Amino acid sequence: AEATKWAEEDIAALVSDQHGWVDPRIYTDEALYQLELERVFAKSWLLLGHESQIAKGGDFMTNYMGEDPVLVVRQKDASIRVFLNQCRHRGMRLCRADCGNAKSFTCSYHGWAYDTAGTLVNVPYSECFPTLDKKESGPLQARVETYKGLIFANWDTEAPDLATYLGEARFYMDHMLDRTEAGTVAIPGIQKWVIPCNWKFAAEQFSSDMYHAGTTSHISGILAGLPADKELSDLAPPTEGNQYRALWGGHGAGFYLDDTNLLAAIMGEKVVDYWTKGAAAEKAALRFGATARSRIAPPQHMTVFPNCSLLSGVNTIRMWHPRGPNEMEVWTFTVVDADASDEIKDEYRRHTIRTFSAGGVFEQDDGENWVEVQQILKGYKARSRPFVVSMGIGRDEGSHPDYPGRIGYVYNENAARGFYTHWARMMTSPNWAALNQTRPGSENELDSNGIHTDSVEQSAGY
Ligand code: FES
Ligand code: FE
């Protein structure tokens, strides 16, 4: 294990689920960050992209798992491999392109070449390496699984399979990924930018924070997109809605019911019509079956623990890549129903660039908050007292007949408490065997409606 000055009981004490607070040093401490790379990022299922981004054999893209660079490569047999983007010889980056199509990857340092499966196939002056076994000299391979078009990878051989890891979070992911049997496609291009703040601010906000959308944070973005025939008061954020906290696993989501005012302000009326009227909407309603799921109004915010976030309706998907405790890289792309018209696909392309992108008007509001908090945490006194994460405690949380997981009112910090509680579990668990012992029950299967068969009562007390 990475040497740390933190004892496990001290790490556990950084987060209080019961009282609702977090110690701000979780956003700034270098030793905690190094442990995070080992115990969170090297053990979790991490999003790496969409299947449509590497459609043909030999298509590849480069990405990161934590700070480890990886190559994501479509094989000739249509399977996907993910391996460390690091030459086994002297550690040079194997592939320095963002994406492309290749028959092999040749290291630019001394010319070692690997095929698309990551097998070392050519070594210049190989007769000078009489002891080298080429078959054993490929880069480290990760486990790869997909969920409805999204590619995830995990370094840890002991981790549960992806479906188990996602648990009832799949119900909420489907709101964006499973509206039609055609599935989704990614709009070409991945936007990448740097924000000088800890990755957890973004991941936690997308898991839990509808609170900020209702106050000043997004008024500027809403004003910028206000249709000519609307007043600001016409687009007041709705008040009816729910928040989802994973029974176990750190995932979270939140959504309003029925009311698409916020989506109209972000994406415009054409996208709202596409979601709520016409053939595509009917198809989605049929597919969702239960009206309860149809009532979830986009945008539904969501984080799949640890660093993958989704915003349905807006259809932005992002990876919050850690870059030290004080910085992250945001990588985002947009998906759209594969059978949507070209006009709707273009609406999505234009509106996500305008609202949620490096220069997006809503993105600025969020980033501004995170950067300011991180800047203030350079202070000594600013790190001396815990932050309040107590919204919703003792109020209204429980099980719900229609929505899986622990469900409370939409304005809530319960999912944030779930996010940090799971973070602390992973940070204090040396392996998945230890982590699994913190599960509320041994029965973690979903029934055919995607509802967790665990009752909330069974999971009380963790
Ligand atoms: Fe790659 Fe030497 S570091 S060939
Ligand atoms: Fe926001």
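**Reading strands, domains and charge pairs**

Biologist: Pro299 has its place in strand β17, which covers residues 296-304. Which residue does a cis peptide bond join to Pro299?

Modeller: The model is predicted, and in it the cis peptide bond runs between Pro298 and Pro299, with omega at about 0°. Another cis peptide bond, again with omega of about 0°, joins Phe305 and Pro306, and Pro306 belongs to the loop between β17 and β18 (308-311).

Biologist: Staying with the backbone, what is the phi of Tyr125, and where does Tyr125 lie?

Modeller: Phi of Tyr125 is positive, about 55°, although the residue is not a glycine. Tyr125 sits in the loop between β10 and β11.

Biologist: Let us turn to the sheets. What order do the strands of the open sheet of seven strands have?

Modeller: Reading across the sheet, the order is β3-β12-β11-β6-β5-β4-β7, and the pairing is antiparallel. The edges are held by β3 (46-50) and β7 (99-101), each of which has a single partner strand, so one side of each is left without a neighbour in the sheet. From one strand to the next, the twist averages 30°.

Biologist: How many bridges pair strand β11 with strand β12, and which helix packs on the sheet there, touching β11 and β12?

Modeller: Strand β11 (residues 141-147) and strand β12 (residues 150-154) are paired over five bridges in the antiparallel sense; within this part of the sheet, Arg143 stands opposite Asn154 in β12. The helix is α4 (residues 169-177), which packs on the sheet with contacts to β11 and β12, and whose direction makes about 70° with that of β11.

Biologist: What order does the open sheet of three strands have?

Modeller: That sheet has the order β8-β9-β10, with antiparallel pairing. Its edge strands are β8 (104-106) and β10 (120-122), each pairing on one side only, and neighbouring strands are turned by 35° against each other on average, direction ignored. Strand β9 (residues 113-115) is joined to β10 by two bridges, the two running antiparallel, and Ala113 stands opposite Asn122 in β10.

Biologist: Now for the domains: where is the protein divided, and how many residues does the contact take from each domain?

Modeller: Domain 1 spans 46-147 and domain 2 spans 167-459; their C-alpha centres lie 32 Å apart. The contact takes 14 residues from domain 1 and 22 residues from domain 2.

Biologist: How is the size of an interface often given, and what area do domain 1 and domain 2 bury between them?

Modeller: As a general idea, the size is often given as the accessible area that is lost when the parts come together. Here domain 1 and domain 2 bury about 1,400 Å² between them, of which 63% is on carbon and sulfur atoms. On the side of domain 1, the residues that lose the most area to domain 2 are Leu47, His50 and Tyr147, which together make up 42% of what that side buries.

Biologist: When can side chains of opposite charge pair, and how many salt bridges does the rule find across the interface of domain 1 and domain 2?

Modeller: In general, such side chains can pair when their charged atoms come close. Across the interface of domain 1 and domain 2 the rule finds one salt bridge. Lys192 and Asp98 form a salt bridge whose closest N and O atoms are 3.5 Å apart. As for the side of domain 1 that touches domain 2, β3 and β4 (59-65) each supply at least two of its residues, and the largest share, five residues, comes from β3.

Biologist: How many salt bridges does a search of the whole structure find, and which distant parts of the chain does the pair of Arg74 and Glu51 link?

Modeller: The search of the whole structure finds 24 salt bridges. One salt bridge joins the side chains of Arg74 and Glu51, at 3.2 Å from N to O. This pair links strand β5 (residues 68-74), where Arg74 lies, to the loop between β3 and β4, where Glu51 lies, the two residues being 23 residues apart.

Methods
Residues are numbered from 1 along each chain as its sequence is written. Chains are lettered from A and ligands numbered from 1 in the order in which they are written. This is a predicted model: local features need pLDDT of at least 70, side-chain atom pairs count only at pLDDT 80 or more; totals for chains, interfaces and linings use all residues. Side-chain values use heavy atoms; hydrogens and water are left out. Two strands pair if DSSP finds at least two bridges between them. Helices (H or I, at least four residues) and strands (E, at least two) are DSSP runs, numbered from the N terminus. Axes are lines fitted to C-alpha atoms, for helices over the stretch in contact, and angles run from 0 to 180 degrees between N-to-C directions. Contact means heavy atoms within 4.5 Å. Domain bounds come from an automatic or database domain assignment. Buried area is the accessible area (1.4 Å probe) that two parts lose on being put together, summed over both. A salt bridge is a side-chain nitrogen of Lys or Arg within 4 Å of a carboxyl oxygen of Asp or Glu.
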